[in-house]
Amino acid sequence: MARIDPHSYFDDQQPRTERWHLRFLVDFERRVLGGEATLVFPAATAGVLDLDSKGLTIFRAWVSATGAEVPFELGGEEPILGRRLRLTLPAGTQGVTLAYETSPDAVGLQWLQPAQTEGKRLPFLFSQCQAIHARTLVPCQDSAHARVAYDAEVVVPEELSAVMSAGPEGVVPGPIPGTRTFRFRMPQPIPSYLLALAVGELESRDLSPRARVWAEPATIGKAAWEFAGVEEMIVKAEEVFGPYDWERYDLLVLPPSFPYGGMENPRMTFLTPTLLAGDRSLVDVVAHELAHSWTGNLVTNATAEHFWLNEGFTVWAERRLLRNIRGEDACAMGWAIGQNALDESLERFAATPELTVLRTHLEGVDPDDAFSSIPYEKGARFVATLENALGEAAFAAFLKAYMKRFRFTSITTEDFVAFAEAQAPGLLARVDADAWLHRPGMPANAPVFRSARREELTTLACAWPVRPEPDRMRAWNPTELLVFLQNLPRALSLEDCAWLDRELELTGRGNYELLVEWLCLAAAAEYAPALPRVREVLMRVGRMKYLRPLYKALGATAATRALGRELFAQASPGYHSLSTRVVQGVLATYPD
Ligand code: BES
Ligand code: ZN
């Protein structure tokens, strides 16, 4: 018996689920999914099967083929893991079915009231299962080790549509009057964290023969314009990684409480509406989620302890796509912005340096609490270091071999190390991979990404309070302006704030990367004209990347702290539970 994932009761000596048949009845009134899940095994099996579950009420379990009762036992509640659900399968069980329902506060789901949508007319539901929240939707082996194919039937009120991380298989009238049943099929084996569902008033637009965007009617036009370049991205990504294997690449724009920028749910990337800047300046998030189709969804981290394998490779790939589509300077700016995030995370984890290694040890640690830019940016720098050591052409071949060797499998850092050692003997020693993977902070040989543009902007920012020519600043693109703002001294005077705002109209910006960077500066300076906009953003948006720094900036003075607390009290009923937790963490650092 071996449990090999600190965040799951999955036992690799027990039967492995090969496929799920899911039936969800989406109940907006009670905020639960009523469910039936059938777990199918590759062959008839018997004995103990341990599943993960969190907040699930299990009504009954039976052998799918015969209806014979399957005894089950729920273990005690563990704060991170949830409850072990132990089934004892009778001899000859090929599939087991569980009737159950989810809890209204399942972390993996957010139920939105009509007021929280753009349309304001109908409710909305979306899931977010990474890292370990699939168990709040389905009783399952909730470890990335255990890959499953699935099919699903989702019953929803007839005015609403359902999408999933799977291929659509049609819509039929539902079992209850006033409902429709949406059918889906995901034929390829995926880790449980890639299970995804969204239900709402949705419309779609084709972007290419294999790509389509979904959004609420009020947003669909803007979304189709913003992401029009997605087919070009797929083509460029195929040049880096080989053919796109998932048939379709669709996008879903969620309501603004979505806690992440993007989530790489296979065949249906989930995106925050804060990407809709109106100038296509934030589409690198799409490049990132698309790249996960290879690094993450084809080759998957075996557990959250190897998360850098997903994110490090993906950030590297995102910047390679950026270089191939928009050129060297744009790519260098991407690395520069990443450096900023990396420095912030290194600082945040100064007291817990064990979280700044790439290969982490997370026994007893919630993956959501370990989340930071380290696996992303340190990971991407490690990948870039490998590329520099091998040379671009040899690394391209290495990457293709890596994909070929591990496609549709879930691997550990140790698997990667063994592969690299066999593929390019001596490479890991040459780049001091041990320091990258196992030691805190940044290794001495971390690559530096230089660009004349970036240096010019940082030099100007560092010369502050000397002000650059306003005309020159207005000619910068959003990324250039962001790099400039990020490098300004943190404590600006009110007069500086007023000047910047007047010359650059920062408070009115619709590009959230820029806007939030500015609002952090403005809030810390108690620049009153920007505070209504801070309120607006915190009341509307639940993306953790923006909530964390904004609430942190509001920690600067007693007056802004009072504002921060007041806004949180008002806004948090609309936040995702993950966002609420992150903000509570920030508020707890306020000194009074
Ligand atoms: N897979 C992540 C999101 C995630 C990570 C969700 C861990 C839950 C647990 C996704 O690919 C991601 O990294 N999103 C980033 C965007 C990106 C461009 C760095 C985000 O949401 O900001
Ligand atoms: Zn990612």
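**Exercise 1.** In this predicted model, find what lies 3.1 Å from a nitrogen atom of ligand 1.

*Solution.* Start at the nitrogen atoms of the ligand. One nitrogen atom of ligand 1 sits 3.1 Å from an N or O atom in the side chain of Glu311. Then turn to oxygen, where an oxygen atom of ligand 1 lies 3.4 Å from an N or O atom in the side chain of Arg543. With a cut-off of 3.5 Å for pairs of N or O atoms, these count as polar contacts.

**Exercise 2.** Work out how much of the accessible area of ligand 1 the protein covers, and which elements build the shell around the ligand.

*Solution.* On its own, ligand 1 has 520 Å² of accessible area, and the protein covers 89% of that. Strand 16 (262-263), helix 3 (284-291) and helix 4 (307-326) each give two or more residues to the shell. Helix 3 contributes the most, with three residues.

**Exercise 3.** Describe the residues that surround ligand 1.

*Solution.* Begin with the count: 16 residues surround the ligand, and the closest are Gln130, Gly261, Glu264, Glu289 and Tyr376. Now sort the shell by type, which gives six nonpolar, six polar and four charged residues.

**Exercise 4.** Are helix 2 and helix 3 parallel or oblique to each other?

*Solution.* First take the axes: those of helix 2 (residues 230-241) and helix 3 come within 10 Å and cross at roughly 45°. The two helices are therefore oblique to each other.

Technical notes. Residues are numbered from 1 along each chain as its sequence is written. Chains are lettered from A and ligands numbered from 1 in the order in which they are written. This is a predicted model: local features need pLDDT of at least 70, side-chain atom pairs count only at pLDDT 80 or more; totals for chains, interfaces and linings use all residues. Side-chain values use heavy atoms; hydrogens and water are left out. A residue is near a molecule or strand if one of its heavy atoms lies within 4 Å of it. A polar contact is a pair of N or O atoms within 3.5 Å; within protein, one must be able to donate a hydrogen and the other to accept it, and residues adjacent in sequence count only if both atoms are side-chain atoms. Accessible areas come from the Shrake-Rupley method with a 1.4 Å probe; for residues, only the protein chains shown count as cover. Helices (H or I, at least four residues) and strands (E, at least two) are DSSP runs, numbered from the N terminus. Ala, Val, Leu, Ile, Met, Phe, Trp, Tyr, Cys and Pro count as nonpolar, Asp, Glu, Lys and Arg as charged, and the others, Gly among them, as polar. Axes are lines fitted to C-alpha atoms, for helices over the stretch in contact, and angles run from 0 to 180 degrees between N-to-C directions. Angles under 35 degrees count as roughly parallel, over 145 as roughly antiparallel, 65 to 115 as roughly perpendicular and the rest as oblique.
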